[in-house]
Amino acid sequence: MMEKRILIYAPTGQNAALCHKVLEVAGIASHVCETLGELRQELLLGAGAVLTVEEALTASSFRLLSEYVAQQPNWSDLPILLLARGGDSLLVRRAVISLGNLTLLERPVRTVTLIAALHAQLRARERQYQMREATRRKDEFLASLGHELRNPLAPIRTSAALLPHLFPQSAPAGRIKDVIERQVVHLTRLVDDLLDVARITSGKIALQRQPIVLADVLRHVMELSQQAALAKRIRVEQQLPDEGIVLDADYARVVQIYSNVLSNAIKFTPQGGRVALRAWPEHGMLCVSVCDSGIGLEQEALSKIFNMFEQSRTVSGQMSSGLGIGLSLARQFAQMHGGTIEAHSAGIGLGSEFLIKLPLPEQPTQAPEQAREAPAGLAEAASSRRTKVLVVDDNRDAADSLGALFEMRNFDVHTAYDGYAAVAAANQQQPDLIVMDLGMPGMDGYEAARLIRQQPGGQAIQLVALTGWGQRDARSRTQDAGFDQHLIKPVDFDDLLRLAAASH
């Protein structure tokens, strides 16, 4: 197996041939790299360890190995065994400092010592592979968990939205609907945070940069934190710059940075407390300060508050609620933008301040045009014909509750519970809009979408994927299958109404 072999790089003399023969007798797979280019290619294919000699460490080979070591994934720590000549040379010292997991053996070396050292390195390497596999399984589990949790959240949210329509004069029904929606939003956020952890550790997050207006971002952040602040009677003061500031950044991630920090401040501020949100430009950076009158932080906690799954303790010593990943995600997203987050506190009971710095564009950036509000009366098209909607989901509760919401807005609604029925219904009903789940048994949503697009009139249908899968590869697959939109469960029904209005 490629990943369990020893790569031997000793291009001069007989060292490579002798080492290869010794390892062959010992039952250790090895490959001799004759040139530096071959070593580079073989490292990309996989290696259990590298065996080299001091005289082979030229400037080029040293640079190759040090760059490979520096660019390894988090799970990897490639073992390197260096056979050195007697003496403490400058080259050997440099290798010890720069080549990471380096084992140094002085020549002449006994065969049994060489074999024992390589066996030890291969055992350590095997544990790294096990860690990689465990990480892969964890990421797959989190992705599946996010999908499975979003599926039941969708009908819960749509069913809650039905309550005011079923009981328009009932104040308790309205309160129940608000409670359900708040808890669904909270649970959805926890699911999203867990998925972001998996995506960051696997390097699958890429920023979607665009010009964004700071005022719009902070308005969104305040909306996300409003309910939590009102529940604790916390006053959130704002001091924002008069001039409009535009960032070149990922809107969703910047909102996540600020909202994670602000919600954390509200969470650790007692009833009736105060949180101050300030923003100002300084030396090419946008500075945003979130200062609270909360429980404060010990000096020891300041150094580790941004660590993944780190949770601070309250004054009484109890663990706080939550997953302990919000601040870690905020810092990582800030760093991806070229920014920083710092935490400051004078001590327990004296509040905390979090200072977020994000780079401002070097050249003035034009603010994006404001999207026009959807016209009133989204439920009805300009013509007299009602908009036809087909809802497809193998989860009958999800399909029926969403269909009921559309019906209450005067849409002509049909439902289907699998891909085959969706294709048949699309052909018979000729809907204006199809809202379809992806992960259905038998024929999934991808294949159903392809077949619908091939039918007469299929190109004119607005196809919306409504799914628990939010990863980039899922979005790419929906686009390839012919979907116009990719929405994540549980969806805001107003978003579907806008798409329905645009489809007619």
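**Helix α12 and its setting**

Author: Start at the N-terminal end of α12, which Asp418 caps. A side-chain oxygen of Asp418 lies 3.0 Å from the backbone nitrogen of Tyr420. This is a predicted model, and the distance is computed from it.

The helix itself covers residues 419-429. Which of its residues are buried? Gly419, Ala422, Val423, Ala425 and Ala426 are. Viewed down the axis of α12, these buried residues fall within an arc of 165°, so they line one face of the helix. An α-helix has 3.6 residues a turn, so residues three or four places apart point the same way.

Now turn to the other side of α12. Tyr420 and Gln428 are exposed there.

What covers the buried residues of α12? The cover includes three strands, β13 (388-392), β14 (412-416) and β15 (433-436). It also includes a helix, α13 (445-454).

Gln430 follows α12. The phi of Gln430 is positive, near 50°.

The largest has 44 residues. Ile257, Tyr258, Val261, Ile341, Phe354 and Leu358 touch the most other members. Helix α8 (residues 251-267) gives the most to this core, with 8 residues. A second, separate core has 39 residues, including Leu7, Ile8, Tyr9 and Cys19.

Key: Residues are numbered from 1 along each chain as its sequence is written. This is a predicted model: local features need pLDDT of at least 70, side-chain atom pairs count only at pLDDT 80 or more; totals for chains, interfaces and linings use all residues. Side-chain values use heavy atoms; hydrogens and water are left out. Buried means under 20% relative accessible area, exposed over 50%, partly exposed in between (1.4 Å probe, protein chains only). Helices (H or I, at least four residues) and strands (E, at least two) are DSSP runs, numbered from the N terminus. The arc is that of the directions from the helix axis to the C-beta atoms. Contact means heavy atoms within 4.5 Å. A polar contact is a pair of N or O atoms within 3.5 Å; within protein, one must be able to donate a hydrogen and the other to accept it, and residues adjacent in sequence count only if both atoms are side-chain atoms. A nonpolar core is a set of buried Ala, Val, Leu, Ile, Met, Phe, Trp, Tyr and Cys residues joined through side-chain atoms within 4.5 Å.
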